[in-house]
Every structure is written in C-alpha cells, then in structure tokens.
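Okay, thanks for coming, everyone. I'd like to walk you through one model today, so let me put it up on the screen.

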Amino acid sequence: MTAVIDTVLDKAYGACVVLRGATLAVRPGTVHALVGENGAGKSTLVKILAGVVRADRGTLSAFGHTVPLASWDRARARAAGIGIVQQHGASAPALSVVENAALGVEGGPVLDLAPVAEQLAATGAKVGLPIDPYARVSTLSLGAAQRAELVAALRLGARLLILDEPTAVLAPVEVEGLLARLRALAADGTSVVIVTHKLDEVRAVADDVTVLRAGVTVATFSTADGPLDTSAIARAMVGSDLPPTMTVSPPAEGAPVALGLRGVSLGGLRDATLDVRAGELVGVAGVDGNGQRELALAVAGLERVARGTVMLGGRDVTRASPARRFAAGLAHVPEDRQHGGLLLEASIADNLALGRADVTGRFRVDRRRVLAHARTQIEVLDIRPPDPAAIARSLSGGNQQKVVIGRELSRPGLVAVVACQPTRGVDLGAVVRIHERLRAAAFAGAGVLVISADLDELLALCHRIVVVLRGAIVGEHVAGAGARAALGALMTGAA
Amino acid sequence: MSWAELRPSPHLKRELIAVVIALLVSLAFGSVLMLVAGKAPGHVWSQMVLRTFGDEYLLGQVLYKATGLALTGLAVALALDVGLFNIGVEGQLVAGVLASGVVGAALPATTPAVIAIPVCLLAAAGAGALVGLVIGGVRIYRDAHEVITSIMLNASITGLALYIGNVALFRGGSTRGPDIAPGAQLPQLGFGGSSVNAVLVLAVLVVAGMWWLRSRTTWGRAWLAVGADPAAARCAGISIGRVQLLAMAGSGALAGLAATNFVLGHKHAFEEGLGRGTGLLGISAALLGRTHPIGVALATLVLGFLSVGGLAVADEVPKELTEMLQGVVVLAAAGAGPWLARREALQARAA
C-alpha cells in the first residue's frame with residue numbers, strides 16, 4: 001500500500017535548526033499522531049506538509065507522487081487534497097467565518113458566500129461541531145474560532161487532514177466527539193495527522209504514532225504491532241522519565257478566604273459567588289466561552305464589574321486597579337500569552353520584570369536585579385534557551401508560558417493566584433513545571449484559582465472544581481472518584 | 001523600537017539598515033534630480049559637503065536648525081513610543097513661542113538671568129505641555145483621534161497667536177512683539193555670527209536625559225510597553241491612560257521647549273512665523289531616528305545639513321531640491337523599516 005505521506009525534512013530558521021532529517025510516513029486511512037515536546041518541530045513539520053512553510057532540504061511524496069519541495073505552497077497542497085487546522089488559528093479576526101472559509105479558496109470574479117455558508121453549516125452539523133457561518137471571528141472565543149477552521153477544512157473534503165493540537169480548546173465531550181469523527185473519517189479512507197501532547201488522546205484515536213524530539217524522529221509506534229505503550233511514548237518524548245509530582249493537602253476547615261467573589265456580574269458572567277481559601281487549588285471547568293474570561297478579568301480588575309464584590313485576602317478590591325491588586329498580593333496569568341501575557345519583542349528578562357516594581361526598583365531600573373531575577377526564574381522553570389536576553393517571540397509556546405508563569409508566581413507576598421489556561425498548547429515537560437509552580441504557590445498559602453478547558457488538568461491539579469455554564473456557576477465537585485462524570489455532565493448542562 | 005536592553009536588540013540592526021537604505025535612496029534620488037537639472041551629482045554633493053563644513057557660519061546654522069529639530073523630534077518620538085502620533089508639535093511649538101515671548105517681555109528689565117531664564121523655559125514648556133494634555137486628554141477620555149485634534153489645534157493655535165500678536169503685541173506695523181528681558185536672552189555660541197545659541201547645550205542635555213529615562217527607568221519601560229503592546233502592558237498592571245496622558249504632556253513640553261531656541265536664543269522676541277516648520281520637520285526627525293533619542297539627535301543633524309547645504313549650493317541647484325530630499329529620506333526610512341520587518345517575519349515564520 002502506497003503511503004499517503006512519506007517525507008524526510010530539514011528546516012532551520014536562521015541559526016535555529018528545527019528539523020534535521022525528520023521522517024514521517026502516513027498510511028492511508030489511518031489516524032497518525034505526531035507527538036513531541038514543544039519546540040520539537042511538530043508544527044513546522046506539518047506546516048511544511050501543508051505548504052504553509054517551505055523546507056530547506058528533503059524529499060516529500062504525497063499520495064504516491066514525489067513533489068518538488070522548492071515550489072510546494074499552500075495552494076498546491078490544497079489542490080493535492082491536504083487540509084490543515086493550525087494551532088493558533090489562521091483566521092482574519094475582522095472577517096466572518098464564511099469569509100475566512102472562502103478566502104483564497106473560492107475562485108471567480110464574483111464571490112457568492114451563501115452556498116459556502118450552507119456547506120459550512122451542513123459540514124458542522126455532520127461532524128457535531130455546530131458553527132455560525134456569519135459570526136465575525138473576533139467575537140468568537142479561541143475554541144469557537146478553531147472549531148470554525150476545523151469545519152472549513154473539512155468542507156473542502158481533504159484526503160489528508162492535518163490538525164495541529166485541535167483539542168486544546170475543546171471540552172471533554174467535544175474532544176470525544178471530534179476523536180470519534182476523526183476515526184470515522186479514517187474509516188472512510190481519509191488520512192488524518194493529529195499533533196498533540198495528550199497521551200490519552202493518542203491512545204483513544206491513533207493507529208500510528210511518530211515521536212519527534214529536537215527535530216529528529218526518535219521513535220514510531222503502531223497499533224499494527226499491538227496496543228500502544230503510552231509510557232514508552234512519554235519516555236521517547238521527554239527523553240527520560242518524568243519527575244514525581246508533589247501533592248498539596250487541601251486547607252484545613254476555617255482557613256481564611258484568600259479570594260472571594262460575591263454576586264459578581266460582568267458581561268456574560270452572571271451573579272458569580274466563589275470562595276478560594278488560603279492554600280486551596282480551585283478549578284474552573286467549562287466549555288470555552290461560558291464566562292471564564294470574564295471571571296478572570298473581574299478578579300484581575302482588568303474590567304470593571306457591573307455588580308458584586310471582589311475580595312482579596314479579606315479586603316474589598318472591587319474598585320481597585322490591577323496594579324493595586326497586584327500590590328495587595330494577586331497574581332494573574334492571562335489567558336493568551338501572545339495577546340496580553342508577553343511583550344513579544346522584549347527579552348525574557350524584561351518580560352519577567354514587566355510591571356514588577358519589586359524587581360526593577362521604583363524609578364531607576366536596577367539592571368543587575370532584573371538579570372538576577374531572570375536567571376533565577378530561568379533556572380527554576382527550566383526556560384529555554386537559558387538566555388535572559390533572548391527575545392520572547394523566538395521562544396516556543398511552552399517556554400513563553402513559563403516566562404508568564406515565572407513573572408506572576410514570583411511576586412512577593414502572594415495572597416491569591418488566578419491562572420487562565422496555564423498550560424494551553426504547552427508540552428508535557430513544561431506542564432509539569434507549571435503545575436509544580438502552581439502547587440508551590442498553594443503550598444505557600446496562596447489561594448489558587450485555575451481556569452482551564454482541560455478537565456484532566458483540573459482533576460490532576462485541583463482540590464475542588466466548579467463548573468461554569470452560560471455565564472453562571474452551576475455546580476462543583478471535589479476532585480476524586482466520580483468527579484469526571486459528574487463534572488462532564490455539569491459542563492454540558494446535562495446534570 | 002529597541003526594547004531589549006541586556007544586549008543590543010536584534011531590531012537595532014534592522015533599524016540601522018533601514019536608515020542606511022533611506023540615506024542611500026535619497027542620495028540616489030537627489031542625484032537623479034541633479035542629472036535632470038543638468039548638473040554633475042558628484043560635483044554638487046561634494047560642493048554641498050565642502051561648503052557647509054568648510055564654513056563656520058554654515059556649520060553654526062546646521063547646529064541651530066538641529067537644536068530646534070532635536071527638541072521637536074524628541075517630542076514626536078516620545079508620543080510614538082507610547083503609541084500616539086503627536087502631529088501637533090507645530091502648534092505646541094507656537095504655543096511655546098507665544099508663551100516665552102509674552103512672559104519674557106513681561107519680566108522687568110532688571111530680572112537676573114537665574115530667574116528670567118528658568119521662568120521663560122517653564123513658560124514655553126508649560127504652554128506646550130498644556131496643548132499636549134488637551135490632545136492626550138480628549139484622546140484618552142473622549143476617544144477623539146489625536147491626529148485629527150492635533151492638526152486642527154495646529155491651525156487654531158497659529159491663528160490665535162497671530163490674533164494676540166495683532167491685538168496686543170506687534171509694534172509699528174511689524175509682526176514682532178516687544179523684546180524679552182535682557183536677563184532671559186541666551187548667548188550665541190559664535191560660529192561666525194551664526195544663530196546657534198545656548199539652547200544647543202540644553203538640547204544635548206535633553207537628548208541625554210531622554211535616553212536615560214527611556215532605557216534606564218521604569219517610566220521608559222512603561223512607555224515602550226504601552227506602545228509595543230497595550231494589552232500586555234495592561235495585564236502587567238500599567239495604566240495605559242495615565243502613561244499616555246503623561247507622555248503627551250511631556251511631548252508637548254519638549255515641543256514648547258523648542259521655541260526657546262528661537263525666542264530666547266535668537267530673535268529675543270515673539271515673532272509671527274518664528275520657528276515655523278520645525279514642528280513638522282520634527283516628525284521627520286523622529287521617524288528617521290526610529291524614536292531612539294540618539295537616533296533622533298543624529299537625524300536632526302542630517303536634516304539640518306540638508307536644509308543648510310541646500311542653501312550653500314543654491315547657485316548650482318534650486319534649494320527646493322534638498323527640501324524634497326528631506327521628505328524622501330523620511331519616506332524611505334518609514335517604508336524600509338516595515339519592509340525589513342516583514343522580510344524577517346517571513347523568514348522566521350514561527351517554528
């Protein structure tokens with residue numbers, strides 16, 4: 001049987017070698033998981049396949065035909081039947097879903113969007129990912145925007161569908177639906193390449209697995225050789241065994257409330273009441289776009305609440321500016337590291353010191369302290385490259401996230417932490433470090449609120465998990481036996 | 001924007017290349033124009049350099065031009081650093097000319113320099129700052145775009161200054177107000193009787209001060225953070241509105257201060273049209289200098305050389321030619337920066 005994709009690739013960005021002879025062979029009608037740490041080159045590899053990025057050297061055979069890599073671009077790849085859903089989205093925010101779907105795809109001098117919209121709606125309904133074709137992308141949550149791209153790629157009827165971390169922004173039930181759909185597509189003869197770090201997804205969906213590490217294919221696994229050994233896959237990804245994790249016991253009864261919300265309403269968030277006690281890790285679960293964003297904005301003070309009270313360490317901070325809340329012991333990990341979390345053009349050291357008067361000094365910047373602070377955080381979080389002067393934009397997603405975490409969780413006198421999607425699109429090694437830091441904050445006595453679309457993350461990390469649905473807190477459950485099913489039901493409104 | 005300071009930013013190289021490209025483009029453009037005018041470019045360029053740098057008076061005039069431009073250029077650069085385009089430097093400069101001229105003339109003739117000079121400097125800076133505050137305030141609190149409001153204020157202030165001059169200041173059919181107190185008059189620096197004066201020293205100090213503020217203090221970090229990414233700055237607890245408002249006040253103050261080069265240092269009175277064009281050319285200096293204080297200072301020397309050098313070779317080519325080049329060099333710099341950035345981005349499309 002001819003492979004759908006058979007490739008050997010080299011790619012470097014300047015002095016940074018991303019792929020060195022990385023290989024990938026995809027069998028027809030299979031789901032192929034491409035796994036590896038952030039920075040391993042997974043995204044680059046699939047972008048080359050889809051014609052988004054050009055390879056330096058190598059060979060690529062698609063559907064049995066050798067293609068010239070030098071002229072392989074998105075239009076050629078699309079014509080050959082390769083569809084891609086990119087990790088951070090490739091939609092123009094100012095355009096609607098249907099306009100994005102038609103962009104560069106629909107030919108002819110007159111653009112008729114109506115049939116495209118119909119097809120999108122029909123495709124969405126078929127795969128269980130309902131979308132509004134006329135919604136403007138900028139008004140959608142990250143998850144909804146990605147769903148729209150996924151449906152747009154499916155509409156074109158690709159013979160090879162590439163998904164770069166598609167499940168990062170989906171709820172568990174949606175993930176299940178998507179994975180089931182991918183299996184069905186594969187059964188119909190479409191080949192699927194899925195980039196992911198989540199081993200349970202790999203186990204649930206993949207026929208074959210290719211593991212990339214530092215731009216090299218280090219291992220391949222196939223269900224043809226028997227059941228997948230996920231611990232062997234994890235070892236191949238990281239190159240060693242994962243360190244053991246610490247556990248933080250839940251706070252004693254009567255521990256003081258570190259972070260309290262009383263009837264807080266803001267935008268889509270309605271009447272939210274929630275207590276996070278000192279030393280407690282509380283998770284907020286829910287499908288993206290159910291009020292989590294507003295909850296975080298209300299806690300951080302980035303938007304003024306319409307109603308209600310926000311308490312920090314027993315003090316009413318409802319009217320306080322973000323700066324005052326930070327001074328009073330709040331840390332805030334923003335939802336999107338590239339839009340709000342980091343100054344992408346600034347160095348690691350400058351990002352770690354951004355807004356941190358305790359590091360920079362009040363007026364004159366103490367550059368020696370900024371540098372020392374950076375070295376400490378680079379060491380603690382294993383930020384790579386370990387160069388304080390490296391520019392944030394040049395870091396992988398996981399390392400960018402570590403910089404945000406490092407800046408926020410190293411604030412002195414932490415009372416409460418609100419972390420939004422702290423490990424979205426981040427590799428296993430970084431997830432471990434970031435969870436370690438969040439646990440350490442709770443262990444040191446801060447109340448930690450973790451907002452995540454990844455229920456597994458919350459179950460692994462938190463003592464207690466509340467669920468938001470359509471802007472309201474609809475229930476909660478202590479982490480442990482039976483939590484997953486109960487929370488899953490709450491998240492979809494089935495409970 | 002050179003933000004990272006632990007070592008020269010990777011953008012520093014790009015910015016320098018952009019400026020070099022801009023200079024080469026204007027050199028080529030100027031040469032073509034000279035050819036069209038039937039002159040040998042090599043001859044005209046070398047004459048421009050030789051005559052300007054070979055003549056003490058002309059060299060002094062270059063420095064005189066550069067003094068005013070450095071201050072208005074820094075004014076524009078400061079606003080650009082926080083993400084605002086202060087096109088109103090011209091109006092803020094006129095406000096400074098009027099304020100320092102009126103206050104200087106109102107001081108008793110016996111006022112000692114130690115009082116007269118600071119008072120006049122404060123008047124000029126304060127008037128400019130006030131205009132800057134108005135522009136910044138309506139932008140931040142009323143969401144009126146600063147480019148629109150400042151263009152309109154330029155016309156209003158120029159008209160207001162002329163009106164006040166006509167009603168109360170101008171003497172005997174001239175457009176010159178009364179002389180400022182002798183104590184407020186700043187000494188010339190020689191240079192063959194050219195107009196360059198002690199404000200040059202002030203400008204050098206301000207350039208150094210702005211460099212220090214921008215790269216060594218939390219204020220500078222806040223400016224650059226707000227300009228580079230308001231969302232990230234906000235998440236880090238920086239108040240965007242406050243930073244932008246203060247920066248607009250500072251920008252206006254610098255523009256107002258530029259007035260002292262003309263009023264205290266040269267004409268010693270309020271005059272209609274004094275310093276005109278220095279504000280708009282300051283935009284060029286800021287763009288060519290890539291908003292970096294040292295870059296702005298160097299850009300003002302280039303622009304000053306082009307305008308004085310044009311006069312020096314006026315017998316060879318019309319002086320409008322070098323005035324055009326002042327525009328070309330800025331256009332090329334403004335175009336080359338984004339062009340280089342896009343090329344880099346294409347090359348380094350995320351891994």
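Quick housekeeping. This is a predicted model, where local features need pLDDT of at least 70 and side-chain atom pairs count only at pLDDT 80 or more, while totals for chains, interfaces and linings use all residues. Residues are numbered from 1 along each chain as its sequence is written, and chains are lettered from A and ligands numbered from 1 in the order in which they are written.

Let's start with chain A. We have domain 1 (5-238) and domain 2 (257-342 + 413-492), with bounds from an automatic or database domain assignment. Their C-alpha centres lie 31 Å apart. How many residues of domain 1 of chain A are in contact with domain 2 of chain A? There are 19, and they meet 15 residues of domain 2 of chain A; "in contact" is for C-beta atoms, placed from the backbone, that lie within 7 Å. On the domain 1 side of chain A, α5 (142-155), α6 (172-187) and α8 (230-238) each supply at least two residues. Helices here are DSSP runs of H or I, at least four residues, and they're numbered from the N terminus. By class, that side has 11 nonpolar, five polar and three charged residues. For the classes, Ala, Val, Leu, Ile, Met, Phe, Trp, Tyr, Cys and Pro count as nonpolar, Asp, Glu, Lys and Arg as charged, and the others, Gly among them, as polar.

While we're at α8 of chain A, have a look at A234(A), which sits in that helix. Its C-alpha atom is separated by 8.5 Å from that of L428(A), 194 residues apart along the chain. Buried or exposed, or in between? A234(A) is partly exposed, because it has 18 other C-beta atoms within 10 Å. The cut-offs are 20 or more for buried, 12 or fewer for exposed, and partly exposed in between, again with C-beta atoms placed from the backbone.

L459(A), in helix α17 (residues 455-461) of chain A, is partly exposed too, with 17 such atoms within 10 Å. Leaving out residues up to four places away in sequence, L459(A) touches A479(A), A483(A) and R484(A).

Now the two chains together. The contact takes 37 residues from chain A and 25 residues from chain B. Several helices of chain A each give at least two residues to that side, among them α1 (42-49) and α10 (322-327). The chain A side has 20 nonpolar, 13 polar and four charged residues. As for α1(A), eight of its eight residues are buried, and after the helix comes G51(A), with a positive phi near 80°.

Last stop, chain B. Helix α2 (residues 41-54) and helix α12 (residues 293-312) of chain B pack at an angle of about 100°, with axes 9 Å apart. The axes are lines fitted to C-alpha atoms over the stretch in contact, and angles run from 0 to 180 degrees between N-to-C directions. So α2(B) and α12(B) are roughly perpendicular, a label for 65 to 115 degrees. Which residues meet there? M48(B), R51(B) and T52(B) in α2(B) meet F305(B), V308(B), G309(B) and A312(B) in α12(B). That makes four nonpolar, two polar and one charged.

Okay, that's my tour; over to you.

Note on methods: Contact = placed C-beta atoms within 7 Å. Parallel < 35°, antiparallel > 145°, perpendicular 65-115°, else oblique.
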